[in-house]
Amino acid sequence: MDDHAVAEVRVDSVRCEGIGYCTNIAPDLFAMPDDQPPVRLLRALSTEADVAAAQEAEEMCPTRALHVQRSRASPPPT
Amino acid sequence: MRFTSPLLDVPYVAQLQQLTEYDEIIEVLRSKDFIQGAFEVSGPPFLHNSLLILDGKEHFERRRIGAQLFSKHAISHYKTNELEPMVQEALQRARTTTAEATGDVSVDLIPLTRQMLARVAASITGIDDITPGDRTDELLNYIDGFGQAITVEWATGDADAIIAKGLEARAKFEQNMFADSAARRKALVEQFHRGEIEREALPKDLITMLYLHWKDEWDDQLPLRETTAMMVGSLQTTAQALPHFMLHLDGWLRDNPQDRVLIDSDPAFLQSALYESLRLFVASPVRIRLAVRDVVLSTGRRVAEGERIGLLYRAANMTPEIFGEEPQSFNPHRTVTGSTPWGLSFGGGAHACLGRPMVTGVGSGDDVSDGTMAIIARELLRAGFRIDPDRPATSDSATFYEAFSSMPVLLTPHREVEMV
């Protein structure tokens with residue numbers, strides 16, 4: 001994980017079908033080169049807003065191909 | 001156990017091009033050249049402008065609302081606070097029925113499963129006061145009525161009569177259960193908009209979410225239609241799949257008694273068995289898509305603009321290259337490559353089942369929590385579940401779906417029983 005990342009996103013390349021909900025929700029985080037799965041993460045999640053967007057994308061994904069995990073150094077805000 | 005998967009001669013799909021190849025179906029599900037093509041009869045009265053039949057931007061926005069109901073936190077709440085207590089309650093009520101001469105408790109798995117799931121469906125949608133007993137039975141009767149109507153394209157009986165009964169059931173549901181719950185939530189959302197309460201004070205359910213994200217172009221019956229559709233989706237399919245799972249498991253353990261110990265010693269075994277059962281028994285074995293323009297698929301198959309085609313998920317789940325040797329057999333130790341172990345059983349593409357993580361569990365790899373079906377199955381096994389050898393299951397002749405109307409099973413009268 002990037003040292004400055006608040007959280008990591010793992011893409012399950014088997015489950016990703018390229019539906020594109022994530023690229024609609026967070027186009028600055030996710031992209032699908034050549035419109036073919038699997039989707040790719042464009043940059044590290046460095047803010048809480050990034051994490052919220054990634055988490056929404058995770059839960060919107062019809063195949064649950066995205067997995068967002070916080071870094072140990074960045075627990076959820078209270 | 002072996003299963004066959006021929007092309008379907010069910011009237012609803014018999015005249016359509018039927019796709020059975022996994023990759024070809026995925027291509028259609030991903031394509032923007034196809035939209036939802038089902039529910040031609042049930043759609044107008046029951047599903048107008050609902051998530052099930054929308055496409056494009058509207059579908060995405062409505063799904064974004066619905067997805068919040070199936071967050072990890074929400075699923076954990078449903079399991080802990082709604083499902084698990086209802087499972088224990090339903091088993092305890094079953095044990096109070098007259099015991100057989102052998103001392104066993106005889107119960108029908110079909111209504112038992114529905115009772116276990118009723119409060120989860122109510123919690124997801126926002127229907128209050130679904131207490132065990134009469135109130136749950138009343139709700140299940142309503143769901144039966146409008147559920148048969150929403151899936152009327154698969155019914156064996158008279159469609160007009162089924163639709164009429166469904167409308168009657170929905171009207172009673174609206175009057176006796178929906179109206180008060182919806183009014184309560186609408187008032188709370190209005191209070192929130194006036195700044196009188198915080199967002200966190202709002203219930204987290206479908207009816208509340210719809211009022212919170214209301215659009216002027218929606219008609220005031222939309223929450224009722226979305227609620228009835230969600231109830232059917234969150235209860236009927238799981239209630240149909242569970243008996244098949246218990247049959248698959250029962251048969252496997254009879255032939256492979258050495259695996260019985262794995263149910264308690266290896267949590268992943270029951271989950272794998274569940275996924276294998278779901279792969280074979282697909283609650284909605286065919287999905288219909290409609291071409292919005294002339295299309296030539298990469299296989300060379302031509303689909304004309306306006307043509308409906310059938311996507312045979314069950315047949316695709318038998319692809320040997322993906323699902324391994326003897327794909328028509330139930331094998332909880334199966335290795336699957338290139339797909340989820342349940343294949344297309346929850347659909348795919350933008351319309352994939354919203355509630356799938358509820359059923360299969362949340363997580364991935366070795367870190368997967370039990371979903372609703374595994375939770376119910378474990379408790380049934382702990383209760384000494386056995387198929388009743390003297391009373392066979394009865395198929396539901398009212399539908400072309402492979403559903404059971406009755407499955408007598410036996411439980412022990414005691415709360416827990418040794419697994420090995």
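Helices (H or I, at least four residues) and strands (E, at least two) are DSSP runs numbered from the N terminus. The model is a predicted one, in which local features need pLDDT of at least 70 and side-chain atom pairs count only at pLDDT 80 or more, while totals for chains, interfaces and linings use all residues. Residues are numbered from 1 along each chain as its sequence is written, chains are lettered from A and ligands numbered from 1 in the order in which they are written, and side-chain values use heavy atoms, with hydrogens and water left out.

The buried residues of H2(A) are A:Asp50, A:Val51, A:Ala53, A:Ala54, A:Ala57, A:Glu58, A:Glu59 and A:Met60. Here buried means under 20% relative accessible area, exposed over 50%, and partly exposed in between (1.4 Å probe, protein chains only). Their cover, with contact taken as heavy atoms within 4.5 Å, includes strand S1 (7-11), helix H1 (21-25), strand S2 (30-31) and strand S4 (66-70) of chain A, together with H4 and helix H5 (72-95) of chain B.

Turning to charged pairs, the whole structure holds 28 salt bridges over all chains, each defined as a side-chain nitrogen of Lys or Arg within 4 Å of a carboxyl oxygen of Asp or Glu. One of them joins B:Arg64 to A:Glu56, with 2.5 Å from N to O. This pair crosses between chains, from helix H4 (residues 56-67) of chain B to helix H2 (residues 48-60) of chain A. B:Arg64 is partly exposed, at 28% relative accessible area, and A:Glu56 is likewise partly exposed, at 28%.

Within chain B, B:Arg185 and B:Asp205 form a salt bridge of 2.8 Å, N to O. The two residues are 20 apart and link distant parts of the chain, B:Arg185 lying in helix H8 (residues 159-193) and B:Asp205 in the loop between H8 and helix H9 (206-212). B:Arg185 is buried, at 6% relative accessible area, as is B:Asp205, at 2%. Both belong to a network of salt bridges that also includes B:Asp128 and B:Arg184.

A further salt bridge pairs B:Arg382 with B:Glu379, their closest N and O atoms being 2.7 Å apart. These residues are separated by about one helical turn because they sit three residues apart in helix H16 (residues 372-382) of chain B. B:Arg382 is partly exposed, at 28%, whereas B:Glu379 is buried, at 17%.
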